[in-house]
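I opened my notebook for a quick look around this chain. Here is what I looked up, in the order I went.

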Amino acid sequence: MPSLLKHSVANRGFKGFSGADPIDPNSVSVEDCDVLIPAALGGENANGIKAKVIVEAANHPTNPEAILSKKSVIILPDIHANSGGSHCQLLRVGSVIFRVSYGTRRK
């Protein structure tokens, strides 16, 4: 990773980096993998998806009622995948309002 970051800064991008093979951006969603985290997945590559699990990282980028559910792909919906930040913010706001630290329990 350090050499990739260094190359990126020096060349304003990843093009020409010799430590990895380039990949076609249109084929990323159909690569052989265990988990796929799409930011936006239209229906165009759904037939080719080989991942067993999809974690939605955008606002509902997949359509589970369509092709993916027929392929027995496990889909973690965006509302669950992105909820960690919301929970942490709720704890933070609650600790400020009620003047309670994270480890403190009221009896």
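**Pocket first**

I began with the largest pocket, which is lined by Leu4, Phe14, Lys15, Gly16, Phe17, Ala20, Asp21, Pro22 and Ile23. This is a predicted model, so I kept that in mind throughout. I noted a volume of about 180 Å³ for the largest pocket. Sorted by class, I have six nonpolar, two charged and one polar residue in its lining.

**Ser8**

Next I looked up Ser8, which lies in helix α1, residues 2-11. Is Ser8 buried or exposed? I put Ser8 down as buried, because its relative accessible area is 19% and the cut-off for buried is under 20%. Leaving out residues up to four places away in sequence, I found Ser8 touching Gly13 and Phe14. Phe14 was already in my notes as one of the residues lining the largest pocket.

**Helix α4**

I then checked the span of helix α4, which has 16 residues, 83-98.

**Whole chain**

Stepping back, I listed four helices and three strands. Along the sequence I read their order as α-β-β-α-β-α-α. Of the 107 residues in the chain, 21% are buried. I wrote down an accessible surface of about 8500 Å², with 58% of it belonging to carbon and sulfur atoms. Last, I looked at contacts between residues at least 6 apart in sequence: 9% of these join residues at least 24 apart.

Terms used
Residues are numbered from 1 along each chain as its sequence is written. This is a predicted model: local features need pLDDT of at least 70, side-chain atom pairs count only at pLDDT 80 or more; totals for chains, interfaces and linings use all residues. Side-chain values use heavy atoms; hydrogens and water are left out. Helices (H or I, at least four residues) and strands (E, at least two) are DSSP runs, numbered from the N terminus. The expected span of a helix is 1.5 Å times one less than its number of residues. Buried means under 20% relative accessible area, exposed over 50%, partly exposed in between (1.4 Å probe, protein chains only). Contact means heavy atoms within 4.5 Å. On a 1 Å grid over the protein atoms alone, a cavity is a set of points where a 1.4 Å probe fits but cannot get out, and a pocket is an open set with protein on both sides within 12 Å along at least five of seven lines; lining residues have an atom within 4 Å of a point. Grid points are joined across faces, edges and corners, and a volume is the space filled by probe spheres set on the points. Ala, Val, Leu, Ile, Met, Phe, Trp, Tyr, Cys and Pro count as nonpolar, Asp, Glu, Lys and Arg as charged, and the others, Gly among them, as polar. Accessible areas come from the Shrake-Rupley method with a 1.4 Å probe; for residues, only the protein chains shown count as cover.
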